[in-house]
Amino acid sequence: MDLYIAEISNQSLADDVSRGKNKRSIPQLKIDGSEQFFIVHPNQWFKTIHKLKLGIMNGLKFLSFCGLVLLGLVSPGCRNLKSKESLVVLTQSSHQIELANDRVRLVLVIDSPIVTQSYFARVNGEWKEVASAFTGSEKRQDTIMPLFRKGAGYVDEYRLMANEGFKNVKVITNNEDAAKIQLTGDINNNPIEQSIELDSNQDFFHIETLAQLAKEPKLEYLLSNYTFNVPGQPDYIFVPTVKRADDDLVGDRKFFAPAAIVEKDGLMLALVPDLNLINQNILYAKGARSQKHPRIFAVPIDTNKNSFPTALDLNLHSGVSEHPLISYGLIDYWTEQHVYWRHENENGAQVRFLSDNKLHYGYDLFINSNVEKTRGYQRISSYLWEKYGRHYFQMPKPQALPFSDYAGVCYPATFAYEGYDVINGEAMRLNGPRNLNIGIKHRQNHPELATWQQWEKNGVPMGGLRLSAPQWYQFIYNTSWWNNVCDATGIYYWGKRLHDSTLIDKATRIINFTLSSPQKDGIFPALYDINKKSWMPSMWRPPAENYNPDSVLRYFNWEQGDYQTSSTSVTAGFLMQYRNTCEDNPAILPFVKRYGDFLLKNIQPDGTVPAWFTKDLQAVPSLKWNGEGGVHLWVLSELYKATKEQKYLEGAEKIAKSMINDVLPRQKWYDFETFYSCAVKAESFFDARTGQYPANTMSTGWAIDGFASLYEATQNKIYLSAAEACADYSIFYQAVWAPHYIITAYPFGGFSSQNSDCEWLDQRGHRFAISLMHVGLLSSRQDLIERAVAAARASLTLTNQPAHIQNDIYKYPNYPLGLGPENIDHEGFPQMPLRSGPSWCEVGGLAAAAQLMNQLGGAYIDFKNNIAVGIDGVSVVNYTLTDHNIKLTMKSLLSGLKVPYDKPFVIELRMIGLEPGTYKISLNGNTALDFSEKELNSRLVMVYPEGKIEFKK
């Protein structure tokens, strides 16, 4: 057999293994008695691990899992030997201390009043300075950002910059595997220390800062600052939000998967906050985390128990340095319009009394070289999932029921729901913030108002789900957001799975209804008014003339809207998915082809398709250039796969080229929601402070599907690489952890919308579940499949279920059993927002669960590509393959809940990638059973309340 090997340079796999991290939670594979262990690692640099063969690879260092190539000699019995270059080396002199491995280096100059820190990366055998710790500036106060100002008008004694206080250095540990040094000193007579740790083969330093407030537990901020010292305008920049004012920063309510990243000429600096330390070191501060707008639909809180926040900041033009400056630490902020996060610097306005005088935070500081231009962030996204996401993924919550139970509860509740009305009351104050006593009243006993509507037209059965929001309750929807055809893919699957013919009938009616929409040169409307029995093109009508890119208007007009190409392409794309995964209605392909021809006619020379067209099919100026191309790319690629007509491929590749060249490098995800929804802003908006454009995740998710589909059509790996790049970028909007300050619901796995909004658990997560699974299977990346499953589970978190209340998953339901809102904390405080429609909660979540289970079953193991993932309430702990003997360990996540699921349930276990033959398989230590490789493609497994798992007899 082949001996599998993997390059370890610049990879987080070696990092985590060398630190002994994640070993328990990562499935393992042993082959043919040789005791070769494959550690599952999803990073795209490892996706070809199974294809590499042992041989002479000049100039590369390889790790085989039976030994290491060391100084040109192979020693199979020496698993843990390291080359000299991979060792951690610490050297000292009277002038400086150096800490390095073969990838990164830190130089501390210790014979100056303040210890200076300079960070280097190895480039072609030489050290290149990438960053340094910022220790202060003497520049004029009126020319620098408010965060760094001192003197009159500022309370300096409570504004602490950590790097200005370090005067001494001590070595804590020093060996070939790891070294740790400690810097100590004081700021304004407050003792402070900082530990810096480096392990072998790592490309980052782990840094922790501790301080003790000597006088009183009172603080405005304690921050650590670093400059990115590579000359020139950065090639790539990322922080989780944009700014509109000099005193804005990145509040930790945007910490879904946080990082600050600056890249130039193959060199990258990235600061990743230590999320575990945020949860482990909570300081309470009365008045912290405040907002100046009213609290509507608020979750009850004790403002004395508001935690003192952490925040990131990035300034390209700080005024204190000519270089980009990254900051991180403890600092309070105001929430402004649920979009921006402002620290009020003057006159101690946000100095807070803390519950303790001990301060503690940490972060990982990445110093990278040889990163692919504008793609260095992929290293960080992989690390965020490896260090945080995978840990939470293997834990119970948020799923509390088998997916089939959710379907059994949610669908009937959705179909019968009659909507709600908003009840206004008087403003009142409860324990501090101004609360508006606004509630909702659910309608009852009006069956004609049911969400599910059905009828016949010319003998054809039709039907659809209506929106829930009162202002849109008359509409059946096929929009970019809510989409009946996407819903139908789930309804059909669950009809088959549950043997419920009424569900299959509803799915069929939705497709018939959609295909009845009147096409005009191929394009078609997105809304159907039930009361008027008429179609409406879309919810927006931007001006056709006198276009002003600086205008800040939303252009909502659902009575006279224009055709919206993202809505029609989302519908067409899901029609093709329904055709591929549910049933082939013979009218689908001709309908979508007519629309595809419309797209081909309207691809502009720059490779984009205008966002809106008037009823006369004239392109509207607003968003004529946009980043929505992924959804059109998806439709055209699916048409090419179905018809093999070259024109669809040519159109798809023209759009793909535009996106690769013009959207991905700077993440210019311009779509309708970026500018024209609740985070309204001008199309000309650009944040010069962080160097970022506004970006929205709807178009990012569409791009994942578009590039993945185009890769399937062409097998051109450029497109697969682009799909992975989009998927990796999307992690910055997916919660890889559960912060202590998100109290409304358990947030892990859920998505947010954009870099200028702050909702958690937004129900677009169900779309990302489908997209991430798609590209994860194509790229053989376990991390993307795990993220897909996490998103699918999270897309049902906000449904009202007794088990969710009992297990602290969602304790504040404001809708009837089985239903829920579209997100939580939308306005930057603990909040139960309203419901927009079935797609944006339970019905969308069930569509995601359906697509995953249709492709993967309830648990999925791919021996060839070393992927092992639990989907439906279970986790795959580990597995081994020796000759034709398989040992598999799984655990029930539902039995690990505080209030466990109390019934046995069945999942489908799918095992693929096995050579032909008969295999003995032992599940959880039970007696081994014999199955052929074909039988292992689908086996039913019983999962019991006490956690026992066995093959169904």
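Helix H7 (residues 565-581) and helix H9 (residues 629-643) have axes that come within 8 Å and cross at roughly 35°. The crossing of H7 past H9 is left-handed. On the H7 side, the residues making the contact include Thr565, Ser569, Ala572, Gly573, Met576 and Asn580. H9 answers with, among others, Val631, Trp634, Val635, Glu638 and Ala642. Keep in mind that this is a predicted model.

## The overall picture

Zooming out, the protein has 17 helices and 50 strands. Of its 953 residues, 63% are buried. Take the contacts with a separation of 6 or more: 68% of them are between residues 24 or more positions apart. The protein exposes about 33,400 Å², with carbon and sulfur atoms supplying 50% of that area.

## What sits inside

In soluble globular proteins, nonpolar side chains tend to be buried together. Here, the largest nonpolar core has 261 residues, and Trp494, Phe707 and Phe732 touch the most other members. Leaving aside residues up to four places away in sequence, Phe707 touches Leu633, Ala656, Met659, Ile660, Leu664, Tyr719, Ala722, Ala723 and Cys726. There's also a second, separate core of 16 residues, with Phe134, Met161, Leu249 and Tyr333 among them.

Terms used:
Residues are numbered from 1 along each chain as its sequence is written. This is a predicted model: local features need pLDDT of at least 70, side-chain atom pairs count only at pLDDT 80 or more; totals for chains, interfaces and linings use all residues. Side-chain values use heavy atoms; hydrogens and water are left out. Helices (H or I, at least four residues) and strands (E, at least two) are DSSP runs, numbered from the N terminus. Buried means under 20% relative accessible area, exposed over 50%, partly exposed in between (1.4 Å probe, protein chains only). Contact means heavy atoms within 4.5 Å. Accessible areas come from the Shrake-Rupley method with a 1.4 Å probe; for residues, only the protein chains shown count as cover. A nonpolar core is a set of buried Ala, Val, Leu, Ile, Met, Phe, Trp, Tyr and Cys residues joined through side-chain atoms within 4.5 Å. Axes are lines fitted to C-alpha atoms, for helices over the stretch in contact, and angles run from 0 to 180 degrees between N-to-C directions. A crossing is left-handed if the near helix is turned anticlockwise from the far one by less than a right angle, and right-handed if clockwise.
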